[in-house]
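Open the model in your viewer and keep the sequence alongside.

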Amino acid sequence: MPELPEVEALKDFLTEHLTGHEIVRALPVAISVLKTYDPPLTAVEGREVTAVLRYGKFLALATDGGPYLVTHLARAGWLHWKDPLPSGAPRPGKGPLALRVALETGAGFDLTEAGTQKRLAVYVVADPAEVPGIARLGPDPLAGDFDEGRLAELLSGERRRLKGALRDQSLIAGVGNAYSDEILHAARMSPFKLASSLTPEETARLYQALRTTLTEAVERSRGLAAGRLKAEKKTGLRVHGRTGEPCPVCGDTVREVSFSDSSLQYCPTCQTGGKPLADRRLSRLLK
């Protein structure tokens, strides 16, 4: 799933390639992708893109005198820039193509979604705040006013485990499954630690890990073409998606805890005092 660093890089890429250009066609190929009907998708056609904005994991294209085109790539969605776009109208079907946006230059982009769970979402709204997911977003962890005190305030009284708290978009915007693993590894904290139990020293450590991990990921992605962002994300991850590999910090084996629709990775030596966490799904299978 694209998270804050990749969406920030996409924002920069699209700012360079879209701003000042006219949208001549916006064509939904998968009916399920469009979540609004008023204004219609055609309301962005014939309008110049004036800015590209990021709200957590959402991207918003602002048009001159018109609505915003907002998208959330969900778990399996992606943006593919094409110059030029293929000729002819795409055919609706079972393929991954969900939406095509064409510019007056002949270039444009496709939104695609792999798999059978169709969660990629596109909205046409007068104000991005009209999108329910944006309206619910917590503060952006890379914002200038997001300091250690703000993080402490958000976590105080939070009875969930750190892994779940970091992934909650209404608490902190933009962090997902991969970067929550990376942040907790950098902070040397168990993903199962209660968020409200952090000492001031631990809160400071978590804050530093949060800002550093995301900032470094953004810098690695900055300037890359849209098609290279996924590969760059994978190369920069130290524990997420690396079950069975040695931890780059201590050399211990990276372990995994599986859930019904996701998994987390961690290093026992760095994060849990050498104690492996219980994998509940595996435990159920062994009973």
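Predicted model: local features only at pLDDT ≥ 70, side-chain atom pairs only at ≥ 80, totals over all residues.

Residues are numbered from 1 along each chain as its sequence is written, and side-chain values use heavy atoms, with hydrogens and water left out.

**The cavity.** Select Leu14, Leu59, Leu61, Leu69, Val70, Thr71, Leu79, Phe109, Leu111 and Val122, which line the largest cavity. A cavity is a set of points on a 1 Å grid over the protein atoms alone where a 1.4 Å probe fits but cannot get out, and lining residues have an atom within 4 Å of a point. The whole structure has one cavity of 30 Å³ or more. The largest cavity holds about 50 Å³ of space, the volume being that filled by probe spheres set on the points.

**The strands.** Next, color strands E3 (58-63), E4 (68-72) and E7 (108-113), the elements that each give two or more residues to this lining. Strands are DSSP runs of E, at least two residues long, numbered from the N terminus. E4 supplies the largest share, three residues.

**Thr71.** Now select Thr71, in strand E4. Thr71 is buried, with a relative accessible area of 10% (buried means under 20%, with a 1.4 Å probe and protein chains only). Show contacts (heavy atoms within 4.5 Å): leaving out residues up to four places away in sequence, Thr71 touches Lys57, Phe58, Leu59, Leu111, Leu120, Ala121 and Val122.

Conventions. 1 Å grid on protein atoms, 1.4 Å probe; cavity = no way out; pocket = protein on both sides within 12 Å on 5 of 7 lines; lining within 4 Å. Helix = DSSP H or I, 4+ residues; strand = E, 2+ residues; numbered from the N terminus. Buried < 20%, exposed > 50% of the residue type's maximum accessible area, 1.4 Å probe, protein only.
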